[in-house]
Amino acid sequence: MQPRNMSMSGVVDLAAVKAAQEAKAKAEQARAEAARQGGGAAGAAVSPSSLVIDVDEAGFEREVLQRSTEVPVVIDFWAEWCEPCKQLGPLLERLAQEYNGRFLLAKIDVDANQMLMQQFGIQGIPAVFAVVAGQALPLFQGAAPEAQIRQTLDQLIQVGEERFGLTGLTVDPAAGGQEPAAVQEAPPGPYDALLEAAVQALDAGDLAGAVRAYKNVLSDDPANTEGKLGLAQAELLQRVQDLDPQQVRKEAADKPGDVPAQIAAADLDLVGGHVEDAFGRLIDTVRRTAGDDRDKARVRLLELFEVVGGDDPRVIASRTALARVLF
């Protein structure tokens, strides 16, 4: 999925004089209230670990809307099954630490927070939004180069400071009153080096290298869960990397009986975060076909189940639907 809407031009709408005055007043009021109470969340020093927070529907108003009167809040909508999310999420977390309180990163699992996903009108993930002075704006959707993300964040922070008086958070490594406990690392497992090599290959865009590394793990340990999941994801990304999405979708629409066209479109659906669409397309293909064509669609559907994970409720429901079609 290509990044979309990397421009911050839409922020101009957030910079109305009334909104700016209200945001400044809220921030000043919050800081004054915290001072009267002897220190509180607003204006108080925070620890580096609190710059990245997990947010759900119950805590959204407190953790996002209220905090956005102090600091721009960047929202990362993600899910465990989303491979691009696994690349973008750690990058945003690293940048949150690097920017040292100039923005707060809120991570929202869309599977557990469907209402928030609907309220933001999200069609695919990863999707990144910002909330400034209680007002939301889209930043980009899909993976994006680090340089572009930095530029977007810089513009967001500038708008927050100049238009809304958002000065950010004061970060104190010692905040919390105690030194972080030393973490005792577990000894490396027999396949840790190979799995790490696969992850590094994915990070570098070397999908063929990642596939080889995961296959090396599975050749010795066929039941390795991380290896099976990683291989399924790497092979999916490898299949779609050279596809023309517009052409694939046109062929799938024009030729509903063309099994390879439906399989390619299902791959694109899944990479784009449209899990139910991908599964439904292949289940319909299995229903309409027979022989080798039916088997090809069925096998690809099982492969996509591996990408998402067998415990995912959408996989469980689709397995039941597939069984009804087959039997």
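Modeller: Buried means under 20% relative accessible area, exposed means over 50%, and partly exposed is in between, with a 1.4 Å probe and protein chains only. This is a predicted model, in which local features need pLDDT of at least 70, side-chain atom pairs count only at pLDDT 80 or more, and totals for chains, interfaces and linings use all residues. Residues are numbered from 1 along each chain as its sequence is written, and side-chain values use heavy atoms, with hydrogens and water left out.

Colleague: What does Asp-192 count as, going by its relative accessibility?

Modeller: Asp-192 is found in helix H6. Helices (H or I, at least four residues) and strands (E, at least two) are DSSP runs, numbered from the N terminus. The relative accessibility of Asp-192 is 38%, so it counts as partly exposed.

Colleague: Which helix gives the largest share of the negative patch?

Modeller: A patch takes residues with over 30% relative accessible area and no salt bridge; like charges are joined within 9 Å, and nonpolar side chains (Val, Leu, Ile, Met, Phe, Trp, Tyr) within 5 Å. The negative patch here is formed by Asp-192, Glu-196, Asp-203 and Glu-226. Three residues, the largest share, come from the helix that spans residues 192-203, H6.

Colleague: How many helices and strands does the chain have?

Modeller: The chain has 327 residues, and 46% of them count as buried. Its count of helices and strands is 13 and five.

Colleague: What percentage of the chain's contacts between residues at least 6 apart in sequence join residues at least 24 apart?

Modeller: Contact means heavy atoms within 4.5 Å. Taking contacts between residues at least 6 apart in sequence, the share that joins residues at least 24 apart is 71%.

Colleague: How many residues apart are Lys-107 and Asp-76?

Modeller: A salt bridge is a side-chain nitrogen of Lys or Arg within 4 Å of a carboxyl oxygen of Asp or Glu. Lys-107 forms one with Asp-76, the closest N and O atoms being 2.9 Å apart. The pair links distant parts of the chain, Lys-107 in strand S3 and Asp-76 in strand S2 (residues 73-78), and the separation in residues is 31.

Colleague: In which helix is Arg-249, the salt-bridge partner of Asp-269?

Modeller: The side chains of Asp-269 and Arg-249 meet in a salt bridge, 2.8 Å from N to O. Asp-269 is in helix H10 (residues 259-271), and 20 residues away, in the helix of residues 245-254, is Arg-249; that helix is H9.

Colleague: In which helix is Arg-281?

Modeller: Asp-269 also forms a salt bridge with Arg-281, with 3.1 Å between the closest N and O atoms. Asp-269 in helix H10 and Arg-281 are 12 residues apart, and the helix that holds Arg-281 (residues 275-288) is H11.

Colleague: Where does Pro-126 lie?

Modeller: The peptide bond from Ile-125 to Pro-126 is cis, with omega near 0 degrees. Most residues other than glycine have a negative phi, and most peptide bonds are trans. The place of Pro-126 is the loop between helix H4 (114-119) and strand S4 (127-132).

Colleague: What is the phi of Asn-100?

Modeller: Asn-100 lies in the loop between helix H3 (83-99) and strand S3 (104-109). Asn-100 is partly exposed, because its relative accessible area is 43%. Its phi is positive although the residue is not glycine, and the value is near 55 degrees.

Colleague: Is Ala-133 buried or exposed?

Modeller: Ala-133 is not a glycine, yet its phi is positive, about 55 degrees. It lies in the loop between S4 and strand S5 (135-141). The relative accessibility of Ala-133 is 11%, so it counts as buried.

Colleague: How far apart in space are Gly-101 and Val-46, C-alpha to C-alpha?

Modeller: Gly-101 is in the loop between H3 and S3, and it is buried because its relative accessible area is 2%. Leaving out residues up to four places away in sequence, Gly-101 touches Leu-51, Val-71, Ala-96, Gly-168, Leu-169 and Val-171. Gly-101 and Val-46 are 55 residues apart in sequence, and their C-alpha to C-alpha distance is 8.5 Å.

Key. Accessible areas come from the Shrake-Rupley method with a 1.4 Å probe; for residues, only the protein chains shown count as cover. Lys and Arg count as positive and Asp and Glu as negative; His and the chain ends are not counted. The place of a charge is taken as NZ of Lys, CZ of Arg, CG of Asp or CD of Glu.
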